[in-house]
Amino acid sequence: MIGLKDVWVRYPDGVYGLRGVDLKFEGGFLAVLGPNGSGKTTMLKVMACILKPTRGSVFIRGVDPWALPEDKLLGLRRRHIYVQEKPKMLKGDVLYNVAYPLRLRGVSRDESHRRALEALEELRISRLAEFDAKRLSAGQARLVSIARAIAVNPEVILFDEPTAYLDRDNRRLVLELLKRLKDRGVGLVVASHVGEVAEIADEAITLEQGKITGRSRRKGGSEN
Amino acid sequence: MRNPTLTVLFVIAVTILVGGYLIYQWCMPKRLVVSTTTSLYATGLLDAIADGFKAHNPNVEVVFVAVGSGEALRRAAQGDADLVLVHAPSLELTYIQKGVISKSRIFAYNYFLIVGPKDDPARIEGLDPVEAFKAIFKAGEEGEIEFISRGDNSGTHVRELALWRRAHLDPKGEPWYIETGSGMAETLRVANEKRAYTLTDVGTYLKLKETLGELKPLVKGGRLLLNIYSGYLVVSSKEPELAMRFLEYLVSDEVQALIKNFGVEEYGGQLFYPVNSTSLAELKKAWAELAEV
Amino acid sequence: MEPTYELLTIVLRSVSVSGLAVLLSSTWSIPLALRLTLTSSKLGKMVEDLINALTSIPTVVLGLLLYMLLSRSGPLGFLGLLYTPYAIVVGQAILVTPLITSIALTGLLKVKDEVWELLISLGAGRRQVSQALVREGLHQILSSILLGFNRALGELGVALTVGGNVRGLTRVMTTAIALEVSRGEYELAVSLGLILLTVSLALTLVVRRLGVR
């Protein structure tokens, strides 16, 4: 589904984000583990096609997205959603924010509001619908950003530290949601520096200094 | 222009602009641009004359552009005026010879004054203007006084330079010779602050007299200090007929009466003198003489 | 004309002339700022530097250039714009273009830093990104327009040179002040100056408020 082949990312300030990563993601639940600064966020952005690698290539269903014309690239991008580590909000209320990606995809106003409310309900935060999105607490913003991602029913969601800033109850809520999404067949790539997501993942990789240093599969897999 | 809102805004703005311009053109079929010297305009005389002219010609907008005489003539040469009203005979002659202006009408006159500190350290009081300038130069060289010049190629400045030439002196660059590069009112204020000498038109001086406590008029009268205001038709004018009408209006009895009484009440002295058939011959002679210096 | 009435018309003329100028300028300055926000090419950088350099162009220099253009003997003389309010509108619109563009650009770049990645990851296309940037940066854009208005209102060189300070037609606050000073009537000049200062100050306060939110 998503393939990375010898991917290198070098930022303008000279720092390397990734140094030769090979990966095949065929759906299911992939946990990306590793300490802060190991390249998890960079890898997620490359997989979401919002960051172009400096070297190496990306394949989405066998196609190199960066060789595509702009409208085709946009179409590819819209099937995946990357959820930021520090979720940003647009001006307006929470409902506007959650409905926004649907509006981008041409969904009508009423329909997008209905689906946005459903997504908020799934995270049990529909009471926040009319809140000013810029005044949410970090935990609330996290939940809203997750709702914003699931509202569009993407094929793949790339979560960057989805349990950060959350209390114990909400962390459980999110982990359960991840399981539900997996059961619905949504591809999940979840970066985390804590191990709890690895417990429910099908597969886990460990990044260190921009390189994959460990891979494991839950069912019959072994470390290499 | 990818944003539709901005495109709409742009279209609206252009429509307003073009529409407004067309309406404006349509509403004002006749425009008479008069480039004029500041000293004439600043007294308010011209606005009074324009109001009278408009009463006779309601469909005409008289537009005064008040600048120094030099700039007024230059703008006429660029084709940006229908008429010029100026008071610098030597400059006027140049532009007549260049074929920029014609149909001279002398419509008013008054005098220049040499003003200076009350105690008159250069002792010029009552002298002939050329002698007075010589005395000022001498006192200046001795470091006793300063002279303030307009330095802006205005009619007053042109006259001042002519007087220096008459005296065969060139004060330019001397430490006591200060060029303000600004209008008469400012120049008089500078002279007042510095207790210095300067050449001024009588109108501006009378108007500001109350605030110029350090200064007093020292040299007045005489042909060399005669300040002659002439109007000209700009040859390239697109409204020559209308411009001619305005020019004739300037020398009409109506305007001449206005000039005679203008500002007398307010300033306690006549600002401008009207031109009649006897004074006209004399003025023409003086003009020719001044144009040559 | 009654003095207070004339004063009022001068103030109103100033506001409408400069307002129209800024409106006109915004129709190209804001799209230009948006365009520069979204580009990272070398040419874009050069344009940006040029605009920043032009923000401090002396108004008299611009006024003179425009005079040469609009003069009857100049290339645009046939328009008959010289000594009309439209000449001032066009001149001031050009004058404030670098200022509005550069302030709007700074604001929009900040907004872009904040939400660009979010917009892309949510699947916004090029055009949708522009729309969202305008929406998110509305305060910054408004600030730039108000500051442009402030500059247009307070400039003398363009209004005097191409407007000609014609009574009842192109006399605006700054040219009226200059004239009253040259007439030696400081009282009227001071009261006009105070009005100008008040308007400026009020606008600056509004801009600051916009910036805080």
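How far apart are the nearest C-alpha atoms of chain A and chain B, which do not touch? They are 15 Å apart, and touching here goes by contact, meaning heavy atoms within 4.5 Å. Two pairs of chains do touch, and chains B and C have the most contacts of those.

Some housekeeping, then. This is a predicted model, where local features need pLDDT of at least 70 and side-chain atom pairs count only at pLDDT 80 or more, while totals for chains, interfaces and linings use all residues. Residues are numbered from 1 along each chain as its sequence is written, chains are lettered from A and ligands numbered from 1 in the order in which they are written, and side-chain values use heavy atoms, with hydrogens and water left out.

Okay, chain A. You'll find six helices and nine strands in chain A; those are DSSP runs, numbered from the N terminus, with helices being H or I of at least four residues and strands E of at least two. The C-alpha trace of chain A spans about 45 × 40 × 35 Å along its principal axes. A compact globule of 224 residues would have a radius of gyration near 17 Å, and chain A has 17 Å, so the two agree. That radius is taken over C-alpha atoms, and the globule rule is 2.2 Å times the number of residues to the power 0.38.

How confident is the predictor? pLDDT is its confidence in each residue, from 0 to 100, and chain A has a mean of 91, with 97% of its residues at 70 or more. Over residues 220-224 of chain A, though, the pLDDT is below 50, and that stretch has six contacts in the model beyond near neighbours in sequence.

Now, where chain C meets chain A: 19 residues of chain C are in contact with 22 residues of chain A. About 1,900 Å² is buried between these chains, and carbon and sulfur atoms give 52% of that. Buried area is the accessible area (1.4 Å probe) that two parts lose on being put together, summed over both.

There are three salt bridges between chain C and chain A, each one a side-chain nitrogen of Lys or Arg within 4 Å of a carboxyl oxygen of Asp or Glu. Take Glu136(C) and Lys134(A), whose side chains meet in a salt bridge at 4.0 Å, N to O. On the side of chain C that touches chain A, helices H4 (85-121), H5 (126-136) and H6 (138-154) of chain C each supply at least two residues. H4(C) gives the most, with seven residues.

Key
pLDDT is the predictor's confidence in each residue, from 0 to 100.
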